[in-house]
Amino acid sequence: MNYLFKLLLPGLILLGQISNAQTNGDNTCGTTGITPWFKWYVENREMLAQTRGVDTNWLYVPVTIQITGTDEGDQHMNLESAIIALNNMNQQFTEARIRFYMMPGDPFRYLDNSYWHVHGWDGGDDLINSNFLPNRLNAFVVRDPAGNCGYSWQDAIVLGRNCSGAYNTTWAHEAGHHFSLPHPFFGWEGETWDYSLPAPNQVSGHNVEKTDGSNCYVSGDFFCDTKPDYLNYRWSCNQDKESLTLQHDPNGEEFRSDASLYMSYSLDACASRFTPEQIEAMRTNLNTQHSDYLQITDPLQEISDDNPVELISPLDTVFVQYDNVTFSWNPVPNASLYTVEVGLHENMLPRFVWETVYNTTTLTVTKNLPNNKLLYWRVRPYSEWDLSKQLAPQQLGVFKTFNTTATNELERKVQADLSPNPVVAGLNAQIVFQSEEPVSAMLFLSDMNGRKVYNQAIQLGSGENLIDVPTDKLSAGLYFVSIQNESGSIVKRLAVIN
Ligand SMILES: [Zn+2]
């Protein structure tokens with residue numbers, strides 16, 4: 001920790017504050033209050049500004065993403081989605097010159113615990129304290145963070161899976177809190193107010209910010225480049241990125257809230273920035289309270305755009321066992337994480353496999369792939385540092401699934417479907433053969449006692465073949481249709497009815 005901060009702020013507990021169980025369940029944030037660090041910052045920012053000097057360097061923040069699931073080990077947020085959320089947050093922090101990366105060697109963890117996965121404040125407290133990791137931003141992704149979209153508490157951020165999509169600003173908002181920023185509407189959290197009335201001079205014991213700027217450093221969020229904002233619920237914006245709701249400051253002046261701020265409660269689509277003063281506070285916080293995050297001063301290696309993932313197998317429509325497919329590919333320089341997708345079509349929809357693996361270039365899939373299908377697959381490279389390759393074009397592999405655990409060679413090569421079954425005596429049953437290659441065989445029809453009642457030589461071409469099985473001399477009963485040659489046999493039961 002920064003020496004200056006230690007000197008000026010002895011004995012203060014460095015924890016964020018948490019809302020008084022504000023679980024309104026409408027995609028808001030659970031963080032209220034201001035941190036002791038921020039109080040110190042507000043009191044000393046002039047002195048800090050004088051001693052700062054040139055501050056144009058990038059600050060690099062390592063993150064371990066901890067993704068909860070149920071006790072049974074399901075419902076995790078998809079790991080690539082979490083990578084995309086972090087990459088998205090990097091874009092949102094570009095102006096602040098802060099870049100997040102996954103902690104090298106410890107980029108993500110899975111926590112299977114239903115108590116943490118859907119939690120109230122007790123469960124959140126237990127989640128953070130049982131899993132907190134030093135020297136990095138702790139980001140927990142859960143299904144339900146105490147009824148909120150997310151919150152920042154006890155030096156960690158907790159994000160709701162459903163508020164962590166590519167177009168959400170939840171991560172940036174909570175990281176803003178983590179680096180000390182209050183809501184622009186600080187003081188109004190949990191209040192109800194008739195906005196057509198002039199606001200009181202104080203709310204929750206805190207000064208209400210006026211539109212004339214006269215009290216902006218001692219009211220609201222303590223910043224002067226964020227305008228007054230009293231809206232403590234999720235609100236939508238107009239074309240000018242302002243609130244639809246008109247508010248009135250203590251002097252009766254009319255104004256609309258600035259929707260462009262990540263730290264406001266405007267809908268995610270309205271928000272696009274931190275202000276210079278907010279950025280200054282966050283960077284100062286990183287350089288003091290969170291200086292243990294600043295482990296590197298230079299960027300790490302990117303993954304080259306000219307390096308698509310080269311697939312090894314399966315390729316070229318090869319047949320593979322549908323419930324045991326091992327995908328393999330060549331390593332990409334600087335990549336350590338790979339996302340594997342398998343889908344029915346070239347656009348990966350429907351998608352049967354979507355899995356991100358770490359420090360390996362193979363993935364074995366034993367479930368979820370359909371049998372007898374032509375399927376496509378591709379791989380995207382990531383690293384702890386480079387989270388940006390979700391849109392990079394990649395090679396497509398094609399393969400066919402098949403049940404190769406059939407008991408003999410003929411079954412492996414030929415598939416037979418018999419219909420209708422049962423068949424009415426006198427009508428033909430039909431067998432549709434799918435054959436990998438030309439096959440000669442004998443077709444036999446035998447009764448329950450093994451007596452052959454019909455036989456026919458058949459010649460199958462590769463692909464689909466249709467063979468009639470006559471039933472006109474048969475009485476009702478069960479029969480076996482068998483196809484045999486030197487490489488094996490296929491047997492089907494046929495019911496004949498009157
Ligand atoms: Zn918040």
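Of the 498 residues of the chain, 39% count as buried. The model is a predicted one. The chain holds 8 helices and 28 strands. Along the principal axes, its C-alpha atoms fill a box of roughly 105 × 50 × 40 Å. The radius of gyration of the chain is 32 Å, whereas a compact globule of 498 residues would have a value near 23 Å. Among contacts between residues at least 6 apart in sequence, 65% join residues at least 24 apart.

The nonpolar interior was examined next. In soluble globular proteins, nonpolar side chains tend to be buried together. The largest nonpolar core in this model has 88 residues. V63, I65, A82, L86 and V141 have the most contacts inside this core. Helix α3 (residues 79-92) supplies the largest share, 7 residues. Two domains take part: the core draws at least three residues from each of domain 1 (3-293) and domain 2 (311-402). Another core, of 16 residues, lies apart from the largest one. Its members include A416, F433, L494 and V496.

V63 shows what the surroundings of a core residue look like. Not counting residues up to four places away in sequence, V63 touches L86, F100, Y101, M102, M103, R136, L137 and A139. L86 is itself among the residues with the most contacts inside the core.

Buried residues in α7 are Q278, I279, E280, A281, M282, T284, N285 and L286.

Strand β16 covers residues 337-343. Of its 7 residues, 5 are buried, so the strand is largely enclosed by the rest of the structure. β16 pairs with strand β17 (residues 351-358) in the antiparallel sense, over 7 bridges. Within that pairing, V342 has V353 of β17 as its bridge partner. β16 is also joined to strand β19 (residues 374-382) by 7 bridges, and these two strands run antiparallel. Here Y338 stands opposite P381 of β19.

Strand β24 (residues 439-447) is joined to strand β27 (residues 477-485) by 6 bridges, and the two run antiparallel. Y479 in β27 is the bridge partner of D447.

Leaving aside neighbours within four places in sequence, N455 is in contact with M442, L443 and F444. N455 and L445 are 10 residues apart along the chain, and their C-alpha atoms are separated by 6.2 Å.

Note on methods: Residues are numbered from 1 along each chain as its sequence is written. This is a predicted model: local features need pLDDT of at least 70, side-chain atom pairs count only at pLDDT 80 or more; totals for chains, interfaces and linings use all residues. A residue is buried if 20 or more other C-beta atoms lie within 10 Å of its own, exposed if 12 or fewer, and partly exposed in between; C-beta atoms are placed from the backbone. Helices (H or I, at least four residues) and strands (E, at least two) are DSSP runs, numbered from the N terminus. A nonpolar core is a set of buried Ala, Val, Leu, Ile, Met, Phe, Trp, Tyr and Cys residues joined through C-beta atoms within 7 Å. Domain bounds come from an automatic or database domain assignment. Two residues are in contact if their C-beta atoms, placed from the backbone, lie within 7 Å. The radius of gyration is taken over C-alpha atoms; the globule rule is 2.2 Å times the number of residues to the power 0.38. Two strands pair if DSSP finds at least two bridges between them.
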